[in-house]
Amino acid sequence: MLVIGMVGIAASLLAIQFKTIKPEYSMYISLGGCVLIIFYSIKGIESIATLMNRVMALETIGSGYMKILFKIVGIAFVAEISSDISGDCGFQALAKQIQVFGKLSILVVSLPVYTEIITLIGDLLS
């Protein structure tokens with residue numbers, strides 16, 4: 001975590017310095033810092049994927065539901081990061097649209113779970 005914090009602070013300070021001289025450079029520095037942090041975070045994502053595969057191997061939980069959960073988490077991360085970068089670049093309207101699209105994508109991906117729950121409730125009531 002310390003490395004990520006240092007990269008974030010260094011990128012922020014450099015971006016602030018360049019913002020008065022060349023504003024476009026500050027955006028590139030900010031994006032570069034984001035890319036470095038994402039690449040560093042891939043180690044954590046690999047361990048999460050390994051754990052999810054172990055959980056999917058259990059017969060008590062359907063692997064389809066775990067895949068849906070993993071997709072939802074991925075969509076949430078991508079939408080949040082994309083929205084934050086767009087907002088930092090000054091495109092708040094675009095950032096809001098990315099958030100809306102991310103939420104709708106999560107809803108579409110989770111529709112099989114909703115239909116299964118509704119079917120289960122219907123079976124319990126009848």
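**Helix α1 and its setting**

Reply: What covers the buried residues of α1 includes α2 (23-57). Contact here means heavy atoms within 4.5 Å. This is a predicted model: local features need pLDDT of at least 70, side-chain atom pairs count only at pLDDT 80 or more, and totals for chains, interfaces and linings use all residues. Residues are numbered from 1 along each chain as its sequence is written, and side-chain values use heavy atoms, without hydrogens or water.

The buried residues of α1 are Ile4, Ala11 and Ala15. They cover an arc of only 35 degrees around the axis, which puts them on the same side of α1. That arc is taken from the directions from the helix axis to the C-beta atoms. Buried means under 20% relative accessible area, exposed over 50%, partly exposed in between (1.4 Å probe, protein chains only).

The face turned away from the buried side of α1 carries exposed residues, among them Leu2, Met6, Ile9 and Leu13.

Now the length. Helix α1 holds 20 residues (2-21) and should span 28 Å at 1.5 Å a residue; its end C-alpha atoms are 29 Å apart, which agrees. The expected span is 1.5 Å times one less than the number of residues.

Then the whole. The protein has 5 helices and 0 strands; helices (H or I, at least four residues) and strands (E, at least two) are DSSP runs, numbered from the N terminus. Buried residues make up 13% of the 126 residues. The C-alpha trace spans about 70 × 35 × 15 Å along its principal axes.
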